[in-house]
Amino acid sequence: MFHTQLILCFLPSLLALFLFLILLRRKRNAVHLDLPPGSMGWPFLGETIGYLRPYSATTIGAFMENHIKRYGKVYKSNLFGETTVVSADAGLNRYILQNEGRLFECSYPRSIGGILGKWSMLVTVGDMHRDMRMISLNFLSQSRLKNYLLKEVENQTLLVLRSWKDSSTFLAQDEAKKFTFNLMAKHIMSLDPWKLETEMLKKEYVTFMKGVISPPLNLPGTPYRRALKSRSTILKFIERKMEERKLKMESDGGDYEDDDLLGWALKHSNLSTEQILDLILSLLFAGHETSSVAIALAIFFLSGSSAAVQQLTEEHLGIARDNKRLGKTELDWEDYKKMEFTQNVINETLRLGNVVRFLHRKALKDVRYRGYFIPRGWKVLPVISAAHLDPLVFDQPHHFNPWRWQQMNGSSLGNPSTTITNNFMPFGGGPRLCTGSELAKLEMAIFIHHLVLNYQWELVGSDQAFAYPFVDFPKGLPIRVRHHTLV
């Protein structure tokens with residue numbers, strides 16, 4: 001009798017709990033119905049192989065095109081071994097980047113951290129990323145760009161261009177990489193180009209890069225294994241430079257001028273040796289690889305637009321003639337600010353070429369966006385290139401048209417800053433906006449200035465940029481140059 005009364009007493013509570021669990025399950029099922037449409041592909045592999053299949057860099061590729069047609073601009077998939085929401089929607093991309101640290105967090109595949117280092121700026125999050133970012137931002141301040149880096153960019157540009165022989169044929173991509181590597185080696189560690197130690201570091205770096213962009217197979221003989229070995233060699237080289245610099249700073253009684261990033265980090269940060277090593281390696285990677293590809297893309301696109309080359313030549317010829325009249329032998333910040341059409345060419349190159357095609361993020365919380373549900377813990381891939389090549393955003397998006405940026409700055413389109421900010425994100429956005437964006441544009445502008453004033457060029461054979469997903473010219477972009485003197 002007592003047991004029967006006890007059961008009857010608790011029965012309402014048990015029924016309420018049962019109904020609650022049923023409602024909770026229905027709610028979860030309803031939530032999953034709000035997931036973006038899509039396909040998870042094969043077990044384990046998902047759709048990664050299809051997603052990473054090479055395609056023309058001026059497109060979003062057949063995989064993305066087919067998925068957008070079938071599922072829309074936001075869809076679910078299984079990529080890089082994780083459940084993923086892929087976004088080709090400019091609005092959602094902005095939302096993801098602007099909510100870094102609140103709703104989303106940087107989350108690259110483990111293999112990237114394994115080869116770039118756990119303290120790399122690319123993979124660190126939270127306070128550590130903020131501290132490293134501040135070091136980079138302070139060292140790349142507009143004051144340093146004006147008073148130091150512009151001159152160094154011009155010196156390294158002329159060093160490469162003056163090595164070109166008239167009517168010679170060579171790989172433009174290799175020349176661009178030579179320029180950016182020499183600049184970053186000088187900027188980061190005060191290494192002089194052409195010296196034996198610089199050339200040895202460059203050789204190891206080339207091996208390292210081949211592994212970064214290869215499948216992460218840590219097996220004997222694979223590019224990834226060779227890259228790990230080269231990474232160790234590069235870090236030992238940087239550490240030796242650190243020790244030499246510390247001794248120099250001690251001998252100078254703390255008065256040592258920190259003209260490079262290594263000296264600045266040693267003098268003005270509390271980072272450990274391991275953290276400084278990873279910071280320098282990641283900045284060498286970011287500053288060299290992306291800028292060199294952007295310069296190669298500009299050479300490629302301009303070779304097919306004689307009108308753009310003509311307008312560039314007129315702009316830079318005007319700057320050069322003014323400087324000659326004033327007795328100036330070097331470019332300065334005022335000259336750089338006069339390169340208005342050049343900035344249009346740079347913007348269009350970055351929009352059409354898309355050096356950085358997508359980013360890796362992870363949802364920190366359950367997120368709802370315009371009817372879609374993104375579960376906590378899911379990977380999120382904002383595809384920057386999709387917005388740049390969207391005909392609803394940019395008219396004739398697959399056409400190289402630098403003049404579109406002049407039109408955007410006109411009154412006919414209302415507020416141009418809103419249009420550009422919302423839809424043009426070649427350097428990412430939000431708290432993780434690329435710290436080297438202004439340096440990259442400066443490099444491109446100065447290189448273009450001396451290129452159009454001193455050379456005409458044409459493509460040799462057929463080559464075009466492909467996305468692997470990193471952007472690369474399979475043949476290295478062979479060009480033939482003819483020297484001319486306009487000033």
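Colleague: Hi! Which backbone nitrogen does a side-chain oxygen of Asp89 reach at the start of α4?

Modeller: Hi! That oxygen comes to within 3.1 Å of the backbone nitrogen of Gly91. Bear in mind that this is a predicted model.

Colleague: Thanks. Is α4 mostly covered or mostly open?

Modeller: Mostly covered. Helix α4 spans residues 90-98, and seven of its nine residues are buried.

Colleague: Which ones are they?

Modeller: In α4 the buried residues are Ala90, Gly91, Leu92, Asn93, Arg94, Ile96 and Leu97.

Colleague: Let's zoom out. How many helices and strands does the protein chain have?

Modeller: The protein chain has 19 helices and 13 strands. It holds 487 residues, and 52% of them are buried.

Colleague: What share of the contacts with a separation of 6 or more comes from residues 24 or more positions apart?

Modeller: Those pairs account for 72% of such contacts in the protein chain.

Colleague: On to the inside. Which residues touch the most other members of the largest nonpolar core?

Modeller: Met64, Trp164, Ile299, Leu442 and Trp457 do, in a core of 123 residues. Helix α12, residues 273-302, gives the most to this core, with 18 residues.

Colleague: Trp457 keeps coming up! Which residue does it stand opposite in β13?

Modeller: Trp457 stands opposite Val481. Strand β13 covers residues 478-483 and pairs with β10 in the antiparallel sense over five bridges.

Colleague: What order do the strands take in that open sheet?

Modeller: The order is β5-β13-β10, three strands with antiparallel pairing. The edge strands are β5 (169-171) and β10 (455-459), and each pairs on one side only. From one strand to the next, the twist averages 35°.

Colleague: And what holds strands of a sheet together in general?

Modeller: Strands pair through backbone hydrogen bonds, in either a parallel or an antiparallel way.

Note on methods
Residues numbered from 1 in each chain as written. Predicted model: local features only at pLDDT ≥ 70, side-chain atom pairs only at ≥ 80, totals over all residues. Heavy atoms only, no water. Helix = DSSP H or I, 4+ residues; strand = E, 2+ residues; numbered from the N terminus. Buried < 20%, exposed > 50% of the residue type's maximum accessible area, 1.4 Å probe, protein only. Contact = heavy atoms within 4.5 Å. Pairing = 2+ DSSP bridges. Axes fitted to C-alpha atoms, helices over the stretch in contact; angles between N-to-C directions. Polar contact = N/O pair within 3.5 Å; in protein donor to acceptor, adjacent residues only side chain to side chain. Core = buried A, V, L, I, M, F, W, Y, C linked by side-chain atoms within 4.5 Å.
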